[in-house]
Amino acid sequence: MPEVKTQLPSGEGRWTRIVTARPRLSLLLALVVTALAVIAGGGVADRMGSGGWEDPDARSTYATRVLEREFPASQPNLLLLLDTGTAGVDDPAVAAEAARLTARLAAEQGVVPVGSYWQDPSPALRSEDGRQGLIAARVQGDEKAATAVLDRIAPGLRGTHGPVEVSIGGPVAVQAEVTATIQEDLVRAELIALPVTLVLLVLVFGSAIAALLPLGVGIVAILGTNAVLRGLTEFTDVSVFAMNLTTALGLGLAIDYALFIVRRFREELAAGKDPAAAVGTTLRTAGRTVLFSALTVAVALSAMLLFPMYFLRSFAYAGIAVVLIAAAAALVLLPAALLLLGERVNSLDLRRLWRRGPSAARPAPEETGRGWARSTALVMRRAPLFAVATTVGLLLLGLPFLGVRFGTVDDRQLPAGAEPHVVQQHIRDGFPGSPGSELVVLAEGPATPAELGAYRAHLEDLPGVLRAEGPVGSGQYAYFTVLGEGEAVGRQAQDLVGEVRSVTAPFDTAVTGQAAVLVDAQDAIAERLPWALALIVAATLLLVFLLTGSVLIPLQAVLLNALSLTAMFGAVVWVFQEGNLSGLLSFTATGDIETTLPVLMFCIAFGLSMDYGVFLISRIKEEYERTGDHEGAVRTGLARTGGLITAAAVILAVVMVAIGTSRVTNTKMLGLGIALAVLMDAMVVRSLLVPAVMKLTGRATWWAPGPLRRLHERFGLSEGDPAPGPGHRPGPETAGPEAGTPGVPPAGSRPERQPAGTR
């Protein structure tokens, strides 16, 4: 193969000297920076929001803002459910207590009273059995301000007041409960993930010292990302859900990167190198792969910045930060620690406790991958069978996703026993109508009463409309309420949004409501999704080409990565939309999937799949450059990395499952779905499909046309600088896998073996 001129960073020797010149100083500075990150990131969750699913530039969002400003009573976000027991809502004592509570609520700063059953005996505010009634109000301000008001007034409102029992619900209560629940769940997830991860790392490395290093890198990544997010909250909205990704990727990816760095360092020590030389080779090989992997994951996550919803953008902020910090810690701090530890990295081998006799010695690296080499050889002998069976199986697992239905987030994200969920469930089950199903139409501009009346008549004539009320207001602004048939965000409600928007009027109109917000969110995602996919695919093709110099491998990477996600998407619909296993997993199925979740899960899972793909392909390429034997390189690459990739995937899956123990349904879906995707990618795609496909494509796997080959020679990345064997003859050869493919040795050639440690 032609020698690669471009290196990352500017030169391997220089980078090694920079990283290892002052190892103690590097670790001390890292300790100081980490301590500052702890201080800077303190209380970050309290500054985050729990919304961000709507398009801020949509007409529905504009209408909501104007209505909140001009007609607060049209947008109640706080509900007090008064349960009267057997007394009934019309009992005089109940009415008197309800009046006192209404007056007390109206006196609170930041609260605008909307009404109650006892002020306006509307059937919508009285339960059908007559035992419960509602008081509605509007808590003003953004999410953070409204939550602060709720925290202040809720203790005095909740509980027993004379003949009534008061419970608190409404959107502002749901948001506050979601934020509090996520914070509690995140602490529990970390308490689960950290000790289990440490045990798994000990099983992988044996040495307690080696096992602690990846865990330390993960903790640095989490703390550093929290500080970054805390800074971002000063300038933009950040979703509290992003905290879960910080923990998951902070531990998962940092441990992945550290696993490969430490494993390669130990291999080089076992080959007889001194610690300094071992660190140099490790940075040149595994270190470059880590850097390359971090870039691919960051690119996949950055695609979420193209969407306007701050829920998705928050995951991009958190993901990019944690990936880059994890890579920096693995490439700067870890080599410094390894240089100081030297052979002591193998100290405290806890596996000796259950091994006896001569076998207690740590196995050589070439002995640990024999099982993987045998399984890979079996797969390659039956490559067509494994390729077809695996592909068909993955496609079948993804079939349920064809029936996906999209919806919005509501109180049912919370546990069944959470107070806001209980209140809303009482309203759904016991009050007339379908709460939240109405559309609100903002009329803006001068209009006569006749024009407003005619517009209302047009709304009432629309198919699927039960009734239209209004106008409320006069002058520049007024609004109408349209109650439609069917569920609040069902297909019928979404169609009605289009019908209402199509009605012409002599004034400007804007439609809002749950269905309108959902329609606008879907439109925003549909408009930007092709661009996001194009960015991910183009960046993946470019980066993998720069790594391999091949045309075929980047295409394989994109297709196989996408195929590895089918099981995740199928399971999401089968479990969370259809409600299968809802009892076992303790969640309430709503019959739909939140619109942004598939986009989020795709970006994260695709990036993680590329992470493992880069580690595997880079090692296969290294072996191929060293030996020129395509099939042997595949076997050796999997033998050297298969167990490590599987271990890394299991560790990341453990972290994601810990996240998936959350009581918030979307977080549970994210954690368990990504865990499934990671395991399927490592144990099925990388272990079965990749070697089968590479066997079928043969030496054509490494082919590239002349112009692209020259581009790679100038700008490509490499694991190292392998000494070319006799089959590696750079020059203008005939293209094709059998006729002197550039960089591919002729069939039957046997390159000379290089001395140990030569690259």
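Which residues does Leu134 touch, not counting residues up to four places away in sequence? Leu134 touches Leu80, Leu81, Gly115, Ser116, Tyr117, Trp118, Ala124, Leu125, Ile427 and Phe431, where a contact means heavy atoms within 4.5 Å.

Before going on, here is what you're looking at. This is a predicted model, where local features need pLDDT of at least 70 and side-chain atom pairs count only at pLDDT 80 or more, while totals for chains, interfaces and linings use all residues. Residues are numbered from 1 along each chain as its sequence is written, and side-chain values use heavy atoms, with hydrogens and water left out.

**The whole chain**

The protein chain has 24 helices and 11 strands. These are DSSP runs numbered from the N terminus: helices are H or I with at least four residues, strands are E with at least two. Of its 759 residues, 55% count as buried. Buried means under 20% relative accessible area, exposed means over 50%, and partly exposed is in between (1.4 Å probe, protein chains only). If you take the contacts between residues at least 6 apart in sequence, 80% of them join residues at least 24 apart.

**Back to Leu134**

Leu134 sits in strand S3 (residues 132-139). Its relative accessibility is 4%, so Leu134 counts as buried. Ala98 is 36 residues away from Leu134 in sequence, and the two are 9.2 Å apart in space, C-alpha to C-alpha.

**Helix H12**

Now for helix H12, residues 370-381. At 1.5 Å a residue, its 12 residues should span 16 Å, and the end C-alpha atoms are 17 Å apart, which agrees. The expected span is 1.5 Å times one less than the number of residues. Thr376, Val379 and Met380 are buried in H12. They cover an arc of only 95 degrees around the axis, which puts them on the same side of H12; that arc is taken from the directions from the helix axis to the C-beta atoms. What covers the buried residues of H12 includes helix H13 (383-397), helix H22 (630-660) and helix H23 (665-697). On the face turned away from the buried side you'll find the exposed residues Arg370, Arg374 and Arg381.

**Salt bridges**

A search of the whole structure finds 31 salt bridges. The term stands for a side-chain nitrogen of Lys or Arg within 4 Å of a carboxyl oxygen of Asp or Glu. Here are some of them:

| Pair | N to O distance |
|---|---|
| Arg152 and Glu108 | 3.0 Å |
| Arg456 and Glu460 | 3.5 Å |
| Asp495 and Arg491 | 3.4 Å |

Take the pair Arg152 and Glu108, which meet in a salt bridge. Arg152 lies in helix H5 (residues 143-157) and Glu108 in the loop between helix H4 (92-106) and strand S2 (111-116), so the pair ties together parts that are 44 residues apart in sequence. Arg152 is partly exposed at 45% relative accessibility, and Glu108 is partly exposed at 23%.

Arg456 and Glu460 both lie in helix H15 (residues 449-460), four residues apart, about one turn of the helix. Asp495 and Arg491 are four residues apart in helix H16 (residues 491-502), which is about one helical turn. In general, an α-helix has 3.6 residues a turn, so residues three or four places apart point the same way. Asp495 counts as partly exposed at 43% relative accessibility, whereas Arg491 is exposed at 55%.

There's also a network of salt bridges, and its members include Arg263, Glu267, Arg619 and Arg640.
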